[in-house]
Amino acid sequence: MIDPRTVQVVFADLQDSIVALSRTNSPAAIRRSAGVLGQVAQALDIPFSVSAAPRPGGPGTIAELPEAAPYVRGGPSCWDDRPWRDAVAARGRDTLVLCGVTSEIVVLHTALDARADGYDVIVPVDACGGMSERTETAALRRIEAAGATVTSVASLVTDMVRDFTDPPPPPGHHRTARPDEPARVRKVLTPFPEEDP
């Protein structure tokens with residue numbers, strides 16, 4: 001079980017021109033999954049940040065993300081951007097949920113750097129995209145070998161919210177978040193976006 005009070009979400013390079021490059025997950029599926037993750041973050045009061053690669057005409061983040069000013073960085077890892085890294089550290093939450101495109105570049109390098117700095121890292125692969133099945137698989141293996149967790153948005157959310165009942169839990173039942181969270185999260189997950197054929 002994951003305590004949402006320890007979590008922050010990182011949306012990395014989820015930009016129109018970059019998401020379109022994914023060959024392992026359709027751009028539509030990435031947009032849906034990242035959008036659901038953003039809605040859940042807002043429903044559970046989980047802080048999030050948007051990190052973007054410099055692009056001609058500006059960052060151009062996908063419309064499905066929650067509103068946030070992106071941190072524009074110059075390197076392959078979000079960790080290379082000092083203002084972003086300082087903002088992440090200031091939140092005092094040691095679990096990073098990291099998604100983005102491409103899995104082989106920004107997701108890989110950010111995950112490895114965060115693990116090296118002592119953060120727990122969770123990568124929901126349905127909100128990520130890679131350049132090829134072979135290279136993405138290699139990147140995800142490196143991420144797991146570094147001690148990070150690879151999962152899906154639905155699995156992640158149900159690890160954070162284990163009680164979907166509307167009434168308050170019985171006495172002695174452990175609650176990790178706000179009493180109205182089950183209805184708010186159920187609304188976001190129902191129906192959860194299906195994968196593209």
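Colleague: Which residues does Val9 touch, not counting those up to four places away in sequence?

Modeller: Leu37, Ala41, Ile46, Pro47, Phe48, Ser49 and Val97, where contact means heavy atoms within 4.5 Å. Mind you, this is a predicted model, with local features needing pLDDT of at least 70 and side-chain atom pairs counting only at pLDDT 80 or more, while totals for chains, interfaces and linings use all residues. Residues are numbered from 1 along each chain as its sequence is written, and side-chain values use heavy atoms, leaving out hydrogens and water.

Colleague: Where does Val9 stand in the largest nonpolar core?

Modeller: Val9 is among those with the most contacts inside that 52-residue core, along with Phe11, Leu14, Leu37, Ile143 and Met160. Such a core is a set of buried Ala, Val, Leu, Ile, Met, Phe, Trp, Tyr and Cys residues joined through side-chain atoms within 4.5 Å.

Colleague: What makes Cys128 buried?

Modeller: Buried means under 20% relative accessible area (exposed is over 50%, partly exposed in between; 1.4 Å probe, protein chains only). Cys128 has 1%, so Cys128 is buried. Cys78, at 0%, is buried too.

Colleague: Why call Asn25 buried?

Modeller: Asn25 lies in the loop between helix 1 (16-19) and helix 2 (27-43), yet its relative accessible area is 11%, so Asn25 counts as buried. Its side chain reaches the backbone oxygen of Asp126 at 2.9 Å, and a polar atom of that side chain lies 3.0 Å from the backbone oxygen of Cys128.

Key:
Helices (H or I, at least four residues) and strands (E, at least two) are DSSP runs, numbered from the N terminus. A polar contact is a pair of N or O atoms within 3.5 Å; within protein, one must be able to donate a hydrogen and the other to accept it, and residues adjacent in sequence count only if both atoms are side-chain atoms.
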